[in-house]
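Morning, everyone. Let me put the structure up, and then we'll walk through a few sites.

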Amino acid sequence: MAIEQIKMPQLGESVTEGTISKWLVSVGDKVNKYDPLAEVMTDKVNAEVPSSFTGVIKELIADEGDTLAVGEIICTIEVEGGNPESAPAAVTKQEASAENATADSKADHGNKARYSPAVLKISQEHGIDLTQVSGTGAGGRITRKDLLKLIESGNIPVAGQKVEPQKEPAAISASKQEVTKSVSSQPASTPAAPAVNIPVTAGDIEIPVTGVRKAIAANMLRSKHEAPHAWTMVEVDATNLVEYRDSIKDEFKKKEGFNLTFFAFFVKAVAQALKEFPQINSMWAGEKIIQKKDINISIAVATDDALFVPVIKNADEKTIKGIAREISELAVKVRTGKLKSDDMQGGTFTVNNTGSFGSVQSMGIINYPQAAILQVESIVKRPVIMNNGMIAARDIVNLCMSLDHRVLDGLVCGRFLQRVKEILENTSKSTTSIY
């Protein structure tokens, strides 16, 4: 028998760590290759970690709630074949604690290379000397949870002062729970929000914050904190588009087996305009701006308690029918829990169908690290004065765009929206093919 290691995978672009939200196996369980072992949460996606081997779970290195860097060991599996003596030895929690207790000097150099970006940023913000902190993570690693406990206690270590991580008390007061939630749900680059002491009275309902909701909160806060948002809007006369789509939707559903939605036309128009205005298809990267070659449209799909943003890859190369099919398939994946991490990677611009619940005007938060997001509002009948001076009822839709002013200026965004408007207003049976 041999002992094999399962490590924290990279579940998305720019993802450096993940949190074990739930173990799906226990020590002694027999698992097959590709069986799910644990649910892992990052700031971009919730996903299951599959087993790379068939065997028996030997040890769970990380606990539920632990945050580990990409590449760190989360569990070990005993598999048939191989030489157990030559197999890489996993470091147990007990061994790590004993090692820290007897060899503090290892924290000065051996552990430094294992600091996660979140730990480094928190330590810099609060002036914490990491060499004076003993970690509780796998192999003695210092975790973000260790630092949050130190910050909460006020016992910030200084040079020359050894600080052991405080043990979690058996019962934590409601106010302390709020401190932990407010700090841990924020990106490491932003200062922690102060605890909010909200009195709870009879009849009030306390709803626990789920891992998905924490990840959404962290990503939205990071976007608003880092990206200076600007906002603009145009009105589009979608009368011809509505007439065209309504005239073929029943036949299309019967022939293709899925709905031809208005949203597919909007996504196609945006993809075409992005090809003509590639500056919009960019991302802020600190010292430079990355203008992406591929046009991958992120679309927001909501469930009762979470928001997911799957991606339509190379949307500019797809027909309206092809986009409609992907919208349908991705929505089904989200609502049946079958969305994969690959389905959410690579987005370069987001289109949000806020009109689906009747919104007529909204200001979206940019999907970090993208540079802009477009809200497609509800199509409504409005009286419009035509060129001949007559008043007519027309189908009007607002397109609302939020932009990162570090990357984009109003001029290019205005021209981009005008182009999207032009494409949509000229969509008709005689000018536009859905195939």
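Where does S298 lie? S298 sits in strand β12, residues 297–299. Strands here are DSSP runs of E, at least two residues, and helices are runs of H or I, at least four, numbered from the N terminus.

Ground rules. This is a predicted model, where local features need pLDDT of at least 70, side-chain atom pairs count only at pLDDT 80 or more, and totals for chains, interfaces and linings use all residues. Residues are numbered from 1 along each chain as its sequence is written, and side-chain values use heavy atoms, with hydrogens and water left out.

Back to S298. S298 counts as buried because its relative accessibility is 2%. Buried means under 20% relative accessible area, exposed means over 50%, and partly exposed is in between, with a 1.4 Å probe and protein chains only. Leaving out residues up to four places away in sequence, S298 touches V309, P310, V311, G347, T348, F349, T350, V351, N367 and Q370. Contact means heavy atoms within 4.5 Å.

Q370 turns up again, in the lining of the second largest cavity. The volume is about 50 Å³. The whole structure has three cavities of 30 Å³ or more. A cavity is a set of points, on a 1 Å grid over the protein atoms alone, where a 1.4 Å probe fits but cannot get out; lining residues have an atom within 4 Å of a point. Points join across faces, edges and corners, and volume is the space filled by probe spheres set on them.

Next, D237, in strand β9, residues 229–237. D237 is buried because its relative accessible area is 18%. Its side chain makes a polar contact with the side chain of R394, at 2.9 Å. A polar contact is a pair of N or O atoms within 3.5 Å; within protein, one must be able to donate a hydrogen and the other to accept it, and residues adjacent in sequence count only if both atoms are side-chain atoms. Beyond four places in sequence, D237 also contacts D395, I396 and E425.

Last, T19, in strand β2, residues 17–23. T19 is buried too, at 12% relative accessibility. What joins the side chains of T19 and T67? A polar contact of 2.8 Å. T19 and E64 are 45 residues apart in sequence, yet 7.7 Å apart in space, C-alpha to C-alpha.

Methods. On a 1 Å grid over the protein atoms alone, a cavity is a set of points where a 1.4 Å probe fits but cannot get out, and a pocket is an open set with protein on both sides within 12 Å along at least five of seven lines; lining residues have an atom within 4 Å of a point.
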